[in-house]
Amino acid sequence: MSEGSPHAVDGASSKTQTTLAVLALIITLAWFIFAVVLPSGARHTGGFGAYYTASRLLASGEISARVYDDEFFGQQVLRDSQGQVSDIYTNPPTNSLLLLVLASLPALQARLAWTLLNVPLLLGALALVVR
(Lines give C-alpha, C1' and ligand atoms only; values in the text may rest on other atoms or scores of the structure.)
Protein backbone atom coordinates (compact mmCIF):
# COMPACT_ATOMS: atom_id res chain seq x y z
CA MET A 1 0.00 0.00 0.00
CA SER A 2 1.23 3.44 -0.80
CA GLU A 3 0.70 6.37 1.48
CA GLY A 4 -1.76 7.92 -0.91
CA SER A 5 -4.03 4.89 -0.99
CA PRO A 6 -7.43 4.97 0.76
CA HIS A 7 -6.33 2.05 2.96
CA ALA A 8 -3.55 4.16 4.52
CA VAL A 9 -6.08 6.88 5.38
CA ASP A 10 -8.40 4.26 6.92
CA GLY A 11 -5.52 2.95 9.05
CA ALA A 12 -4.65 6.45 10.29
CA SER A 13 -8.32 7.15 10.97
CA SER A 14 -8.64 3.90 12.92
CA LYS A 15 -5.58 4.78 15.02
CA THR A 16 -7.00 8.25 15.70
CA GLN A 17 -10.34 6.76 16.75
CA THR A 18 -8.63 4.27 19.04
CA THR A 19 -6.50 7.01 20.58
CA LEU A 20 -9.57 9.20 21.13
CA ALA A 21 -11.50 6.29 22.65
CA VAL A 22 -8.66 5.51 25.07
CA LEU A 23 -8.34 9.20 25.95
CA ALA A 24 -12.11 9.43 26.58
CA LEU A 25 -11.92 6.32 28.77
CA ILE A 26 -9.05 7.77 30.82
CA ILE A 27 -10.87 11.10 31.26
CA THR A 28 -14.10 9.33 32.24
CA LEU A 29 -12.28 7.09 34.72
CA ALA A 30 -10.48 10.08 36.25
CA TRP A 31 -13.78 11.96 36.56
CA PHE A 32 -15.43 8.89 38.14
CA ILE A 33 -12.65 8.53 40.70
CA PHE A 34 -12.51 12.22 41.65
CA ALA A 35 -16.24 13.04 41.45
CA VAL A 36 -17.76 9.79 42.73
CA VAL A 37 -15.31 7.37 44.36
CA LEU A 38 -13.26 9.71 46.54
CA PRO A 39 -16.24 11.73 47.85
CA SER A 40 -18.21 8.58 48.64
CA GLY A 41 -15.19 7.06 50.34
CA ALA A 42 -14.81 10.12 52.55
CA ARG A 43 -18.14 10.01 54.37
CA HIS A 44 -19.71 7.72 56.90
CA THR A 45 -22.73 5.67 55.89
CA GLY A 46 -24.87 3.27 57.84
CA GLY A 47 -24.50 0.22 55.63
CA PHE A 48 -20.73 0.30 55.62
CA GLY A 49 -20.75 1.33 59.27
CA ALA A 50 -22.52 -1.86 60.29
CA TYR A 51 -20.07 -4.10 58.45
CA TYR A 52 -17.06 -2.14 59.71
CA THR A 53 -18.23 -2.06 63.32
CA ALA A 54 -18.98 -5.79 63.38
CA SER A 55 -15.52 -6.48 61.95
CA ARG A 56 -13.89 -4.13 64.45
CA LEU A 57 -15.69 -5.85 67.32
CA LEU A 58 -14.53 -9.23 66.02
CA ALA A 59 -10.93 -8.06 65.63
CA SER A 60 -10.87 -6.65 69.17
CA GLY A 61 -12.46 -9.78 70.67
CA GLU A 62 -15.55 -7.83 71.72
CA ILE A 63 -18.03 -9.51 69.39
CA SER A 64 -20.88 -11.36 71.05
CA ALA A 65 -24.61 -11.80 70.70
CA ARG A 66 -24.82 -8.16 71.79
CA VAL A 67 -24.26 -7.13 68.17
CA TYR A 68 -27.95 -7.99 67.75
CA ASP A 69 -28.89 -5.61 70.57
CA ASP A 70 -29.89 -2.56 68.53
CA GLU A 71 -29.05 -0.08 71.31
CA PHE A 72 -25.58 -1.53 71.95
CA PHE A 73 -24.68 -1.91 68.30
CA GLY A 74 -26.07 1.50 67.35
CA GLN A 75 -23.86 3.08 70.02
CA GLN A 76 -20.83 1.23 68.64
CA VAL A 77 -21.53 2.48 65.10
CA LEU A 78 -22.00 6.01 66.44
CA ARG A 79 -18.62 5.73 68.15
CA ASP A 80 -16.92 4.48 65.00
CA SER A 81 -18.53 7.17 62.84
CA GLN A 82 -17.76 9.96 65.29
CA GLY A 83 -21.45 10.46 65.98
CA GLN A 84 -22.48 10.79 62.33
CA VAL A 85 -24.49 7.61 61.70
CA SER A 86 -26.07 4.77 63.59
CA ASP A 87 -27.15 1.37 62.34
CA ILE A 88 -28.33 -2.01 63.51
CA TYR A 89 -26.83 -5.40 62.74
CA THR A 90 -29.17 -7.90 61.11
CA ASN A 91 -26.54 -9.94 59.29
CA PRO A 92 -25.33 -13.45 60.08
CA PRO A 93 -22.26 -13.60 62.33
CA THR A 94 -20.02 -14.60 59.41
CA ASN A 95 -20.54 -11.19 57.80
CA SER A 96 -18.26 -9.74 60.45
CA LEU A 97 -15.42 -11.42 58.54
CA LEU A 98 -16.12 -9.27 55.46
CA LEU A 99 -14.07 -6.24 56.51
CA LEU A 100 -11.81 -7.92 59.05
CA VAL A 101 -8.72 -7.01 57.06
CA LEU A 102 -9.70 -3.31 57.28
CA ALA A 103 -10.84 -3.32 60.92
CA SER A 104 -7.49 -2.05 62.20
CA LEU A 105 -7.91 1.17 60.22
CA PRO A 106 -9.98 4.13 61.38
CA ALA A 107 -13.51 3.95 59.92
CA LEU A 108 -13.06 6.60 57.20
CA GLN A 109 -9.75 5.15 56.04
CA ALA A 110 -11.34 1.70 55.91
CA ARG A 111 -14.28 3.08 53.92
CA LEU A 112 -11.98 4.79 51.42
CA ALA A 113 -9.88 1.64 51.05
CA TRP A 114 -13.02 -0.47 50.56
CA THR A 115 -14.37 1.97 47.98
CA LEU A 116 -11.07 2.06 46.08
CA LEU A 117 -10.84 -1.75 46.14
CA ASN A 118 -14.24 -1.90 44.50
CA VAL A 119 -13.22 0.23 41.48
CA PRO A 120 -11.26 -2.58 39.74
CA LEU A 121 -14.11 -4.97 40.53
CA LEU A 122 -16.56 -2.59 38.88
CA LEU A 123 -14.30 -2.20 35.85
CA GLY A 124 -13.94 -5.97 35.58
CA ALA A 125 -17.70 -6.43 35.73
CA LEU A 126 -18.19 -3.79 33.05
CA ALA A 127 -15.58 -5.48 30.87
CA LEU A 128 -17.47 -8.77 31.20
CA VAL A 129 -20.74 -7.07 30.26
CA VAL A 130 -19.19 -5.46 27.18
CA ARG A 131 -17.81 -8.78 25.93
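Select Asp 80 and Arg 56 to begin. In this predicted model, the two residues form a salt bridge, and their closest N and O atoms are 2.8 Å apart. Asp 80 belongs to helix α3 (residues 70-80) and Arg 56 to helix α2 (residues 46-59), so this pair ties together parts that are 24 residues apart in sequence. Color both by accessibility: Asp 80 is buried at a relative accessible area of 12%, and Arg 56 is buried at 10%.

Is Glu 62 buried or partly exposed? Its relative accessible area is 39%, so Glu 62 counts as partly exposed. Show the three residues together: Arg 56, Glu 62 and Asp 80 are linked in a network of salt bridges. The count of salt bridges in the model comes to two.

Two packed helices are described by the angle between their axes and the distance between the axes. The axes of α2 and α3 come within 9 Å and cross at roughly 95 degrees, which means that α2 is roughly perpendicular to α3. On the α2 side the contact includes Gly 49, Ala 50, Tyr 52 and Leu 57, and on the α3 side Phe 72, Phe 73, Gln 76 and Val 77 are among the residues involved. Arg 56 and Asp 80 also take part in this contact. Sorted by class, the contact of α2 with α3 has seven nonpolar, three polar and three charged residues.

Now turn to the rings. How many aromatic pairs are there? The count is three. Select Phe 48 and Tyr 52: their ring centres are 6.1 Å apart and their planes lie at 20 degrees, so the pair is stacked. Both residues sit in helix α2, four residues apart, which is about one turn of the helix. Phe 48 is buried at a relative accessible area of 9%, and Tyr 52 is buried at 5%.

Move on to Phe 73 and Tyr 89. This aromatic pair is tilted, with 5.2 Å centre to centre and 45 degrees between the planes. The pair links distant parts of the chain: Phe 73 is in helix α3, while Tyr 89 is in the loop between α3 and α4 (107-130), 16 residues apart. Phe 73 is buried at 0% relative accessibility, and Tyr 89 is buried at 2%.

Tyr 68, Phe 73 and Tyr 89 form one aromatic cluster.

Terms used
Residues are numbered from 1 along each chain as its sequence is written. This is a predicted model: local features need pLDDT of at least 70, side-chain atom pairs count only at pLDDT 80 or more; totals for chains, interfaces and linings use all residues. Side-chain values use heavy atoms; hydrogens and water are left out. A salt bridge is a side-chain nitrogen of Lys or Arg within 4 Å of a carboxyl oxygen of Asp or Glu. Buried means under 20% relative accessible area, exposed over 50%, partly exposed in between (1.4 Å probe, protein chains only). Helices (H or I, at least four residues) and strands (E, at least two) are DSSP runs, numbered from the N terminus. Axes are lines fitted to C-alpha atoms, for helices over the stretch in contact, and angles run from 0 to 180 degrees between N-to-C directions. Angles under 35 degrees count as roughly parallel, over 145 as roughly antiparallel, 65 to 115 as roughly perpendicular and the rest as oblique. Contact means heavy atoms within 4.5 Å. Ala, Val, Leu, Ile, Met, Phe, Trp, Tyr, Cys and Pro count as nonpolar, Asp, Glu, Lys and Arg as charged, and the others, Gly among them, as polar. Rings of Phe, Tyr and Trp (its six-membered ring) pair if their centres lie within 6.5 Å; planes under 30 degrees apart count as stacked, over 60 as edge-to-face and the rest as tilted.
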